[in-house]
Amino acid sequence: MLHLTRHWFTDKSVIGGLALDGVKFLWSLEPPSRADKPRCIPVGLYNVSLHPSQRFGKPMPFLEDVEDFVGIMFHPGNFPEDTEGCILVGTGKDVDKVLNSRIAFAELMEKVTFPTTLLIEEQPPVDEVDHYIQHPADAPTTTAHSKNEP
């Protein structure tokens, strides 16, 4: 089972941790709510299975039955502009980006047995050292905040 926990919400992205069978192994990036997409993928439990993708020319892991969304999948990409609503994965994270997305996507495809399930939750970071993202231009005094903080 995959478990995506969203931690940081900015006006450009939503960054979270992705775990497989309880062990965190990748970071995720999703686009935030915006005028043409009023919200992220709703929090909840989803089936994920491989289906052919015209865009990528190969089977990709698609989330099934996402309310008000069509064609939601995991795929490579590093920045918010690389996705219209899908989940990007990376081996690392920074402000509004995930790192090494092709390596991370290959790891996702290698480690996960499809079909599987995905639980999506939202939780503010619990450990400032491990979880807060500090923007290099603002170091050392300003950090990005989760949606639950001022």
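How many bridges join E3 to E7, and do these strands run parallel or antiparallel? Three bridges join E3 to E7, and the two strands run antiparallel. The legends below describe a predicted model, in which local features need pLDDT of at least 70 and side-chain atom pairs count only at pLDDT 80 or more, while totals for chains, interfaces and linings use all residues. Residues are numbered from 1 along each chain as its sequence is written, and side-chain values use heavy atoms, with hydrogens and water left out.

**View 1. Overall make-up of the protein chain.** The protein chain holds two helices and ten strands, where helices (H or I, at least four residues) and strands (E, at least two) are DSSP runs numbered from the N terminus. From the N terminus on, these elements follow the order β-β-β-β-β-β-β-β-β-α-β-α. Of the 150 residues in the protein chain, 47% are buried, a term for under 20% relative accessible area, with exposed standing for over 50% and partly exposed for the range in between (1.4 Å probe, protein chains only).

View 2. Eight strands form an open sheet with mixed pairing, in the order E5-E4-E10-E1-E2-E3-E7-E6; two strands pair if DSSP finds at least two bridges between them. Strands E5 and E6 (74-75) stand at the edges with a single partner strand each, so one side of each is left without a neighbour in the sheet.

**View 3. Strand E7 between E3 and E6.** While E7 runs antiparallel to E3, two bridges join E6 to E7 in the parallel sense. Leu-88 in E7 stands opposite Leu-29, and His-75 likewise stands opposite Leu-88. From E7, Ile-87 and Val-89 point one way and Leu-88 and Gly-90 the other way, and all are buried. Ser-28, which lies in strand E3, is buried with a relative accessible area of 1%. Leaving aside its neighbours within four places in sequence, Ser-28 is in contact (heavy atoms within 4.5 Å) with residues including Leu-4, Val-14, Ile-87, Leu-88 and Val-98.

**View 4. The largest nonpolar core.** This core has 27 residues, and those with the most contacts inside it are Leu-2, Leu-18, Leu-63, Phe-74, Leu-108 and Leu-118; a nonpolar core is a set of buried Ala, Val, Leu, Ile, Met, Phe, Trp, Tyr and Cys residues joined through side-chain atoms within 4.5 Å. Among the elements that each supply at least two residues of this core are strand E1 (2-9), strand E4 (44-53), helix H1 (101-111) and strand E10 (116-122). Apart from its neighbours within four places in sequence, Leu-108 is in contact with Leu-2, Leu-18, Phe-25, Leu-26, Pro-61, Phe-74 and Phe-114.

**View 5. The second core and its tryptophan pair.** A second, separate core of six residues includes Trp-8, Ile-15, Trp-27 and Leu-88. A search of the whole structure finds one aromatic pair. Trp-8 and Trp-27 form this tilted pair, with 6.0 Å centre to centre and 45° between the planes; rings of Phe, Tyr and Trp (its six-membered ring) pair if their centres lie within 6.5 Å, planes under 30 degrees apart counting as stacked, over 60 as edge-to-face and the rest as tilted. Trp-8 lies in strand E1 and Trp-27 in strand E3, so the pair ties together parts that are 19 residues apart in sequence. Both Trp-8 and Trp-27 are buried.

View 6. Most residues other than glycine have a negative phi, and most peptide bonds are trans. Asp-65, in the loop between E5 and E6, has a positive phi near 55° and is exposed, with a relative accessible area of 75%. Asp-96, in the loop between strand E8 (92-94) and strand E9 (97-99), has a positive phi of about 55° but is buried, with a relative accessible area of 14%. In the loop between H1 and E10 lies Pro-115, joined to Phe-114 by a cis peptide bond with omega about 0°.
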